[in-house]
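Please open the structure in your viewer and keep the selection panel handy.

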Amino acid sequence: MKTYAEMSAELEQLAAHNDRLTAGLRAARAQIVDLKGDLQRVGDPPNSYATFLRRAEGTTVDVLHNGRRLRVATSAEIDLDELEPGTELRLNEALAAVEAVPPGDAGNVVVVVESLADTRVLVSVAPDDVRVLRRAGALHDEVLHPGDHVLVDLKAQLVLERIDRAEITDLVLEQVPDISFDQIGGLTEQIEAIRDAVELPFLQQDLYRDYGLRPPQGVLLYGPPGCGKTMIAKAVAHELVLRSAEVRGVSVSEALEHSAFLNVKGPELLNKYVGETERSIRLVFERAREKASAKHPVVIFFDEMEALFRTRGTGLSSDVETTIVPQLLAEIDGVEGLDNVIVIGASNREDMIDPAILRPGRLDVKIRVRRPDAESAREILGLYLGDSIPVREDREQLLDLATSEIYAEGPDSAFVRIEYTDGHAETLHFRDFVSGATLRNIVDRAKKYAVKEQLATGVAGVGSRHLHEAIAAEFSENEDMPSDSHPEEWARISGRRGRRIEAVVPLQGRDGRPGDSERPAHDQLIGEGA
């Protein structure tokens, strides 16, 4: 006969076995329920999706479903006040809207032709297909300009999103540069000319009207590279903002907010796709007109203008200029006008620009930016070797010494000999190739030499020897190196005009002048004193 303890142990074992069986049955039941649910879902009819168009009577809404417009009922879980045109709705088997879902992010991209007053948008789907679409809710307050790219749902006839195209946006810099005329040296005559051409007509519009004067539509700055054409254009935009703020009695910050400097990069604007360059030009002028509508000045600056607007029929650039040049002329001469907009072009080769662009009424003010003479060069050197720069010797004497060396005439400074077809020859010296950029490089080199020497010896300041070494190094690496293969083109870029050139003979490192290998390196002179 079993004892009480044995019976109790057996009972506990049976109870544990029963618990395991119960848990297994529950798990099996849950699995059966899940399988039953899966079978029911597999057997349910599929849900579909529709695009919300507008609210209708009561709790019904108009949607676009499979290309058809339907009026459907809505679930109580949908907040009708939150629905906007373009919202995606999930429909059940009875075609009732039961859930709002995030809209799709793909579709057709088209170009805006015009924004209509009633919030509709005129878009160009294809060259011969222009349609009127409605804005989706997210675009209700968005400003759309002609030329903008937008994502659309053509079936729902909705504009869903504005697409920013980086390759277009990068072509222009709308922020007004922080450069003043005081930061430009050696170009007093040119600065005065462009101020008369640009600032005076803008700031004295009433007076110009009284005298029947027409402000110029554009200005061309031309001359050798590196002589300050781009800096002048940037300074014009900056000074116009300051003068405009004074005349209108507004703060400079407010004037800066509404003004713009559209810096169009000529070579980058060229596009291999037909019509894209012309569209980009239209976009630039559209932005300019929009900014100028608030009566604030806008400058459109075309750098390297000859790259875009070459003379038509030259056979260059696959003759794309035959469509690009007329597009620019149409914008300048257009019926919309260019009030408060000034076009400034810069070019090293003004002879390559189409003559129609340069005639009166277009870029009718032409300002030649010449290479600096000795007096101008000293002024430019003084800007970069200012009072804040530590020097070892008298600053004025350093400027005099540097200017004298740069503009010296003798065998050591002979750079190139030009031989003309009439038998005459002319020797050009380094001074004939100096530009503002060259002078800045010279001062920067001298500063680096001074820094290096201070680290080695502890002696601070720019000295005459640093400037001497900087001048020698800059001349040996001169960017305007002579070209034997294209003497005419090289001579024109270098500022030589007149007689026909037969040959350009380099003299650097010849005629007794030591070349780079013969000139002692600056490192060897460190510690010898200035």
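The tour starts with a sheet and then moves to an annotated site.

This is a predicted model, where local features need pLDDT of at least 70, side-chain atom pairs count only at pLDDT 80 or more, and totals for chains, interfaces and linings use all residues. Residues are numbered from 1 along each chain as its sequence is written, and side-chain values use heavy atoms, leaving out hydrogens and water.

**Stop one: the sheet.** Select strand β16, residues 414-420; strands here are DSSP runs of E, at least two residues, and helices are runs of H or I, at least four, numbered from the N terminus. An open three-stranded sheet runs in the order β17-β16-β18 with antiparallel pairing (strands pair if DSSP finds at least two bridges between them). Five bridges join β16 and β17. Zoom in on R417, which stands opposite T427 in β17.

**Stop two: the annotated site.** Next, select G226, C227, G228, K229, T230 and M231, which an unreviewed UniProt entry marks as "binding site"; such annotations may be inferred rather than shown by experiment.

Show G226 in the loop between β11 (218-222) and α5 (229-248). Which residues does G226 touch? Not counting residues up to four places away in sequence, they are S435, G436 and A437 (contact means heavy atoms within 4.5 Å).

Finish at M231 in helix α5. Leaving aside neighbours within four places in sequence, M231 is in contact with I179, Q183 and I184.
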